[in-house]
Amino acid sequence: MKVNRINLPARLFSTLLLFIWTVCCVYPLIFSLFDSLKDNQQFYSGNAWDLPKLPLLWSNFSYTWTNYNFGYYFLNTIIVTVGSMLLALLLTATTAYVLARFTFRGSGLLYYLYLASLTIPTLMLIVPMFFLFSDLRVNNSYGGIILLYSITTMPIGMFILLGFFKSLPRELEEAAIMDGASLYGVFFKIMLPLAMPGLITISIINVLSFWNEYQYALVLLSDAYKYTLPIGLAFMQGEMQYRIEFGPLFAGLMISTIPILLIYIIFQRRINEGIVAGAIK
Amino acid sequence: MTSQRKRGLFIASFILPTFVIYCIFTLYPIIRALYISLFEWSGASDNMNYIGFNNFRDMFADPIIYKAMVNDYFLIFWKVFGILIAALFFAVALTRFGMRGTGFYRAVFFFPNVLSIVVIAVLWRFIYNPSYGFLNGILSFILGRPVDIPWLGDSTYSIWALLPPAIWAGIGFYMLLLIAAIKSIPASLYESAEIDGARQWKQFTHITLPLIWEQVKVSVVLIVITSLNGSFAIVSVMTEGGPDNATQVLGYYLYQMGFKQYHMGYASAIGVLILVLSLVTTFVLQRLMKKEVIEIS
């Protein structure tokens, strides 16, 4: 893209603003890391922005991991996130493929039904969901949460993947059918591999939202050993009114953040693509 | 088996599992939410009293509902304002100003969007902490005297204090969305504007803004929907609606009514109100922001 003239003061001003916002985005993470290595004394006597004193209290992390059960939360979050990601892939890709390639009675209706559900404020569903989970006896079970999570992101994922499948040439499928491949064979052996970039994109977006999910987990998980990281961290924050342990609290914050931040940094480009695909309707 | 039947079976086997799960975990809960809103119900299964629209009548007489609505729209207004101006500026700066390191900025500005809303809330609670927090620390440093304002505990400031975290956490996503829109504008338009001597500001108002108006509209609608739905989480961790309902929002009030005070019917009625507000606001905004769509050939 051709780039324009922009005068020096405007350039300096813009650079300054970009710099300030970079600091605003990065510095809170850095001071969280610093503060996770302090003891209470350093919070009482020093400033929030002071560097942690030596020796660094890495023990805050192991303390949070065992005493605040973050070991459980971490494992639960991984199980729920990975399970939901895989199931969401299956539910989303199959529907997207059929809607992209076949017309049948009700196919248009189904498409608009899924699309319309994007406008529902999901908060109104926490009450019925709570009772649905007790009716199905899946409170505090990974299975229930995984089913729920994978279907909540299905409509937007379906929308992104649908575009992907539509952009793939039909000739490949036709040739494979000629060669005697079944419809299932065409989907699993030809279409899925070709749609891999799209599958990765929706998976990354899904992983971000599953890892951080709060409102359903809050009402559906009551057993403290089944908490996911966001619920565990919120619970720990609540505990701070009885005993102040800022260092371990920040350690908990770091444990909740570092894995997902790494995933973001590694797959950053894919996420950008996904946003573009999902939002430019 | 005929190929017609094979095709039908294939379609059914691909569509139905998803559709069944969708019916159980999305459609049915929506219907049940509407249904529960017509009852007085503590959540215990035996005493469910049908009371028609009384929950909604009660809502209109409930001053906290009004307070929560005002707070919700206060947050929406300033979020739309704050997020859009910043996201627009950064999007234009990173595409049209010929800056260096745009990939870096794009990646870094999205960091807050990657964080869980709980992480954001815990972080900002600490920033606002009256005794050890960042904000008072900096103010004390600048003013040279101890400052200990309880930002979240004083109803004068508390609702304002919810804005910075919400805006901070929102900018990255909308910036990416607008960058994508700007990048899809044909370069030739800018080139001929350049030849005509149009400067940056004029290019922005005459080319960029009209051509990305669709995405600006989408952004506003998304901010409204996510704010009505998502303020719940930040309020729940930062203030629990307090002090004295000063930061109460509909979402948190729903949660409080349902899961702390066990008025499941009333909670569901608040849910229906959120749905209606979200649809009406979206519709009104779509109307207000309607503009001639400019087709690029």
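## A helical chain at a glance

Of the 281 residues in chain A, 52% are buried. Keep in mind as you look around that this is a predicted model. Chain A holds 14 helices and zero strands, and its radius of gyration is 24 Å, well over the 19 Å that the globule rule gives for 281 residues, so chain A is more spread out than a compact globule.

**Overall build**
- Reading from the N terminus, the elements of chain A go α-α-α-α-α-α-α-α-α-α-α-α-α-α.
- Along the principal axes, a box of roughly 75 × 65 × 35 Å is filled by the C-alpha atoms of chain A.
- Take the contacts in chain A with a separation of 6 or more: 75% of them are between residues 24 or more positions apart.

**Surface and charge**
- The side chains of chain A include 16 positive and 13 negative ones.
- The centres of these two sets of charges lie 10 Å apart.

- Buried means under 20% relative accessible area, so Asn140(A), at 17% relative accessibility, counts as buried.
- Setting aside neighbours within four places in sequence, Asn140(A) is in contact with Leu220(A), Leu221(A), Ser222(A), Asp223(A) and Lys226(A).

How values were computed: Residues are numbered from 1 along each chain as its sequence is written. Chains are lettered from A and ligands numbered from 1 in the order in which they are written. This is a predicted model: local features need pLDDT of at least 70, side-chain atom pairs count only at pLDDT 80 or more; totals for chains, interfaces and linings use all residues. Side-chain values use heavy atoms; hydrogens and water are left out. Helices (H or I, at least four residues) and strands (E, at least two) are DSSP runs, numbered from the N terminus. The radius of gyration is taken over C-alpha atoms; the globule rule is 2.2 Å times the number of residues to the power 0.38. Buried means under 20% relative accessible area, exposed over 50%, partly exposed in between (1.4 Å probe, protein chains only). Contact means heavy atoms within 4.5 Å. Lys and Arg count as positive and Asp and Glu as negative; His and the chain ends are not counted. The place of a charge is taken as NZ of Lys, CZ of Arg, CG of Asp or CD of Glu.
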